[in-house]
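The following exercises concern a single protein chain. Each task is followed by a solution in steps.

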Amino acid sequence: METTTAGAERKAQRMLDTQFARARAHLAHIEPGLVDFLHLARRSIIVNLPIQMDDGSVRNFVGYRVLHSRLLGPGKGGIRYHPDVSLAETTALAALMTWKCSLVRIPFGGAKGGIACDTKALSVDEQRRLTRRYISELGDDIGPFVDVPAPDLYTDAQTMAWVFDTYDQFHPGQNNLPAVTGKPLDLGGSEGREEATGRGCVDVAERFLELGGLPGLGGIEGARVAIQGYGAVGRAAARTFRDRGAAIIAVSDSSGGVLATDGAHLDLDLLDAHKAGGGAVVGFSGARNVTNEDVLGLDCDILVPAALGGQIHSGNAASVQARLVLEGANRPVTPEADDILHARGVPVVPDILANAGGVTVSYLEWVQNIENHSWSLDEVNVHLREYLVGAADRVVARWRSFPADCAESGLTADLRTAATVEALERLAHVTLERGIWP
Ligand code: NAD
């Protein structure tokens with residue numbers, strides 16, 4: 001059972017406040033008020049949504065949309081449907097989007113939205129009515145050049161089709177496809193969007209290793225990889241790792257994990273057929289059932305937490321045996337665990353770099369929608385790789401530029417801090433270029 005301390009340690013807002021403070025300490029050369037401004041959300045909206053349920057009763061739901069920044073372009077960020085959605089969590093995740101877009105250099109600001117609800121307890125019709133009411137309440141506070149939503153936890157391409165249709169009903173006579181990304185392929189979606197985050201994780205890991213980020217491991221080929229979370233991100237990462245010569249030794253989902261026996265690798269095609277049959281990875285023949293906690297502590301080269309936030313924390317970071325942690329999920333490693341892993345020489349490639357493939361292909365979808373044109377999968381993947389390799393190069397260069405005496409000066413010198421400093425410095429620079437208004 002989770003202790004109160006572990007629960008508090010995993011709060012998204014606290015984790016991101018710590019991340020901001022650690023990066024801010026490296027930005028003493030920038031006017032403090034300017035840096036602090038970059039932490040604040042520009043606008044927060046709370047909407048109350050009455051929904052007629054299938055049984056005729058009326059229930060009220062609360063939705064949020066936080067626009068953190070429009071410095072670099074329209075807001076960009078997912079819509080999450082989960083019982084834990086709150087203004088505080090939405091605000092923290094919106095800031096993370098601003099940093100991610102700035103780091104990868106795509107022309108978007110940061111935003112996030114969500115509705116506190118349990119989709120497992122809602123029918124498809126109820127979810128559609130909830131989505132339409134939410135989008136109609138947001139009105140002109142979203143739009144192709146204002147704030148562009150996308151899928152997140154428990155929302156998908158179908159949800160984005162409803163978002164598009166609702167927005168389109170209220171804005172007839174114009175091309176509304178760029179108002180939302182992550183749409184179905186035949187409704188303006190992009191080739192490669194679904195697997196972009198997982199594929200991008202592998203592009204980033206490959207570049208990090210090419211740059212000599214982890215002495216003794218020069219590439220992906222032959223690397224032994226364990227993945228927590230076998231959903232959209234984890235599954236695409238697993239397949240891309242496999243296609244580039246790595247061995248997937250273990251994966252897990254909410255039911256538990258499976259570990260290939262005798263040091264072999266999992267056959268992903270057979271595993272997918274098994275999961276399609278029973279809905280879970282456990283019980284897969286040719287593998288041994290293990291717990292989720294076991295997967296996090298496996299002896300492997302690369303561990304990819306691709307499920308939920310706060311999974312690697314002060315209570316289990318010391319037992320992580322992987323040589324490299326690659327954050328597929330948003331903020332799966334807490335600040336306390338960052339410190340433990342850093343002290344042990346285990347690099348953590350942070351979410352704003354490792355999982356930026358999703359928002360990058362969302363941007364490519366937006367560009368294709370504006371052009372009213374669609375690109376091939378190869379074109380999309382080439383662009384994706386270019387953006388991520390560029391960002392990985394900048395993060396590694398910044399990481400290597402940190403002075404050797406950071407620890408004595410009370411400064412954090414891990415990859416997450418390097419990525420955040422890189423993102424914030426660019427935002428500060430652009431704020432000054434634009435000039436503080438009025
Ligand atoms: P998903 O719902 O498709 O998959 C999540 C997976 O995690 C499922 O297989 C689920 O069974 C598993 N899971 C849940 N609890 C678990 C636990 N305790 N241990 C192990 N596995 C568990 O979601 P997704 O789209 O793959 O997103 C995963 C994470 O990546 C989320 O944190 C999301 O915010 C983040 N992310 C997703 C994208 C994207 O493009 N999908 C982009 C950036 C970040």
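**Exercise 1: Backbone angles in loops**

At 43% relative accessibility, tyrosine 154 counts as partly exposed, a class lying between buried (under 20% relative accessible area) and exposed (over 50%), with a 1.4 Å probe and protein chains only. The model is predicted: local features need pLDDT of at least 70, side-chain atom pairs count only at pLDDT 80 or more, and totals for chains, interfaces and linings use all residues. Residues are numbered from 1 along each chain as its sequence is written, and side-chain values use heavy atoms, with hydrogens and water left out.

Task: state where tyrosine 154 is placed and where asparagine 372 lies, and describe the phi of each residue.

Solution.
- Step 1. Tyrosine 154 is in the loop between strand 5 (147-151) and helix 6 (157-170); helices (H or I, at least four residues) and strands (E, at least two) are DSSP runs numbered from the N terminus.
- Step 2. Although tyrosine 154 is not a glycine, its phi is positive, about 60 degrees.
- Step 3. Asparagine 372 lies in the loop between helix 13 (357-371) and helix 14 (377-401). Its phi is also positive, near 55 degrees, and the residue is exposed, with a relative accessible area of 58%.

**Exercise 2: An asparagine in a loop**

Task: determine whether asparagine 316 is buried or exposed, and which residues it touches.

Solution.
- Step 1. Asparagine 316 lies in the loop between strand 10 (302-305) and strand 11 (324-326).
- Step 2. With a relative accessible area of 4%, asparagine 316 is buried.
- Step 3. Leaving aside residues up to four places away in sequence, asparagine 316 touches Glu293, Leu296 and Gln311, where contact means heavy atoms within 4.5 Å.
- Step 4. The side chain of asparagine 316 reaches the backbone oxygen of glutamine 311 at 3.0 Å.

**Exercise 3: Two domains**

Task: describe how domain 1 and domain 2 meet.

Solution.
- Step 1. The domain assignment, automatic or from a database, gives domain 1 (41-176) and domain 2 (196-354).
- Step 2. Six residues of domain 1 are in contact with four residues of domain 2.
- Step 3. About 550 Å² is buried between domain 1 and domain 2, with carbon and sulfur atoms giving 67%; buried area is the accessible area (1.4 Å probe) that two parts lose on being put together, summed over both.
- Step 4. In domain 1, Leu96, Lys100 and Leu103 lose the most area to domain 2, together 65% of what that side buries.

Technical notes. Polar contact = N/O pair within 3.5 Å; in protein donor to acceptor, adjacent residues only side chain to side chain.
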